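Biologist: Hello! Could you walk me through this model with a few questions and answers?
Modeller: Gladly, let's take a look together.

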Amino acid sequence: MMNMRIDNGNGNVNGNGNVNSNSKVMYRFVVGLMLGLCSVCTRAQVFETVSDSVETERVVVADGFWRHWFLQMGLDMTLQNPYGYDFAKVFPNGKSFGLDVAVGKWFTHQVGFRGKFNWENRLPLLKNGHANWLAPFDQPGVNREKGGYVAFYGDVLLNMHNLFGTYRADRTWNMSLYPRIGVNYNFGVSKGSLLAGIGLLNTYRLSDRWSVYGDIAYIMTGSGFVGKDKVKGTGTGSNSNGYLTIGLGAQMTLGRIERLKNGRIEGLKDGRIEEGRGVLANGIWDNWFVEVGLDMGLMNPYGCNFSKVIPKGLTFGLNGAMGKWFTPEFTLRARVQWENGMIPNNGLEWVAPSDSPKDNYKKGGIGVATLDAMLNMTNTIAGYIPDRKWHTTAYLRMGLISQFVEGSSSPLMGVGLEETYRLTDRTSVYGRVGYQVSTSEGMGYSTTGVEVAAGSNGFFDIGAGIRYDLGQNQFYPYRGQSLSDPQGCSQQDQFPEGHNWPRFAVSTLASVGVSYAAKTALKAMIKVERPDHSDNKSFPSGHTAMAFAVARSIDKEFRNESIVIPIIGYSAATAVGIQRIASDRHHWYDVGAGAVLGFASAELSWWLSDKLLNR
């Protein structure tokens, strides 16, 4: 983007001041300004309570994806804060002006999403002839002559008044906190970069349709595409390249406006939820869930041949997440991922440090912390059905990635698809695949500097796991439970019809047991040395055999309901086999034999189960 770090060759950074003093000045300025806005907002509008029944406060009207959209247009001022420069001298060195256009949607009164476009340092009436901190540096006017720079932002809006207080249709002032992810492109040097940030949006409503807004955000960006040299030493930690944006403008609500009428939310009839119109909601503590799972990463750093990703770019890890459904369509999920920290791959090369990739595992691997904005495509396209079990969800991911061996973090953004299947009223299984991109600092392996305009560093993320609802999910009452009676689920409705869960559990355990006994016997008879020369018990792969025994059991139990669940099971089993090859514990034919053995063990166990139970 527009920030850069200049190294004079001896490790010192050329700039206009001390780095530590820069950071202190910057942080004090940002914190002070945000606290000031919070104070103004609090004085202007305190949390109030609707003087009606609790039921009207806890209802989300499920009446379509195309409602509650808004449009924003305004002007902004940006204050650059490149690494190594004294922010006290931002006027006039780092000041620029621009135009903002944004489109967003409120999914509920608590949460929404906004896409924003910013074109900076190009407006004819607002120019700065002393903008030395816009690349190319110390050439004021060149950046503007070449077109300035543009940025595309994705913001997850969290209305702090409605999230922690009570929704009021007549509230005029609202404050929203948002995390931000996006990309920027600097025409001055024909380069771009990822960015991450956080900000506050304050809106004051003038009428049912029109509002004015004030927006402030601090954004951190990488140096991979900026400057005269290729630099990997600045991330989003203490050595960050950033900028502060301050904007003002007008907002117009599009389409029909949702309001309270006589103390009742539209969509309610006699205080009860009308069929097809509403769903039980959603206070701050409703509809939360947790997830745990395993994942496989396929690293794709710039300049590497992806056909050799196995084993050079193959990693394994764990992930955990917590999220909340705000509506049947939209959820937010906070997720942490630990990659290459527990399960090693001896053939891994495409991680930092590039000259000694095994140090990546020794130093703890890779950590990723993200926020996912998730859109349930099934409910968005086909409509909300409370007893639906199968869901397809698309997500936009924003966050930070850290190579522990290097001690620096960088922005990360990505997209993906997730499939979930509800097993019980609280438990679901999921499988997902996504692709994330980061800066060259974040990947740590290859550098995409000024010579490369379109090169990206990224990785595929493939995972599966279990989701558990904390409390009753009000949006998906189970069989026998109605929207108006969330406690109406009887004991006999605990599990889906048609599943014999004790039989499934026993048959699966028997399949694993048979495969374990068979692989032990074969290893004793057929002595094949492992690729790492540790022993002569390579054939067949026991891990793969037991994984495919479980996958085949899942296939036999769930195939009639959905083909995707067996695909997830077989994919996970295949990942186990690939990991055994990548870690030099087995030959490919050991893994192939283990897969056949596991499959056959499951077939035998289920056949015996059918005979014993006269099925």
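Biologist: Leaving aside its neighbours within four places in sequence, which residues is Lys 519 in contact with?
Modeller: Bear in mind that this is a predicted model. Lys 519 is found in helix H10. Once neighbours within four places in sequence are set aside, the contacts of Lys 519 are Pro 540, Gly 542 and Leu 597.

Biologist: What is the nearest side chain of opposite charge to Lys 519, and how far away is it?
Modeller: Lys 519 is buried yet has no salt bridge. A salt bridge needs a side-chain nitrogen of Lys or Arg within 4 Å of a carboxyl oxygen of Asp or Glu. For Lys 519, the nearest side chain of opposite charge is Asp 535, at 9.9 Å.

Biologist: Pro 540 came up among those contacts. Is the peptide bond that joins Phe 539 and Pro 540 cis or trans?
Modeller: Most peptide bonds are trans. Pro 540 lies in the loop between H10 and H11. With omega at about -10 degrees, the bond joining Phe 539 and Pro 540 is cis.

Biologist: That loop between H10 and H11 also holds His 533. Is His 533 buried or exposed?
Modeller: His 533 has a positive phi of about 65 degrees although it is not a glycine. Exposed stands for a relative accessible area over 50%. The value for His 533 is 58%, so this residue is exposed.

Biologist: And Asn 340, is that residue buried or exposed?
Modeller: Asn 340 lies in the loop between S17 and H7. Its phi is positive too, near 60 degrees, in a residue other than glycine. Buried stands for under 20% relative accessible area. Asn 340 has 2%, so it is buried.

Biologist: Leu 597 was another contact of Lys 519. Which helices are included in what covers the buried residues of H13?
Modeller: H13 runs over residues 588–612 and reaches 37 Å from its first C-alpha to its last, close to the 36 Å expected. Its buried residues include Leu 597, Gly 598 and Trp 606. The cover over the buried residues of H13 includes helices H10, H11 and H12.

Biologist: Which element supplies the largest share of the lining of the largest pocket?
Modeller: About 1100 Å³ of space lies in that pocket. Its lining counts 45 residues, with Ala 464, Gly 465, Ile 568, Gly 569 and Ala 572 nearest the centre. Among the elements that each supply at least two lining residues are S22, H10 and H11. The largest share, 14 residues, comes from H12.

Notes. Residues numbered from 1 in each chain as written. Predicted model: local features only at pLDDT ≥ 70, side-chain atom pairs only at ≥ 80, totals over all residues. Heavy atoms only, no water. Helix = DSSP H or I, 4+ residues; strand = E, 2+ residues; numbered from the N terminus. Expected span 1.5 Å × (residues − 1). Buried < 20%, exposed > 50% of the residue type's maximum accessible area, 1.4 Å probe, protein only. Contact = heavy atoms within 4.5 Å. Lys, Arg positive; Asp, Glu negative; His and termini not counted. 1 Å grid on protein atoms, 1.4 Å probe; cavity = no way out; pocket = protein on both sides within 12 Å on 5 of 7 lines; lining within 4 Å. Points joined across faces, edges and corners; volume = space filled by probe spheres on them.
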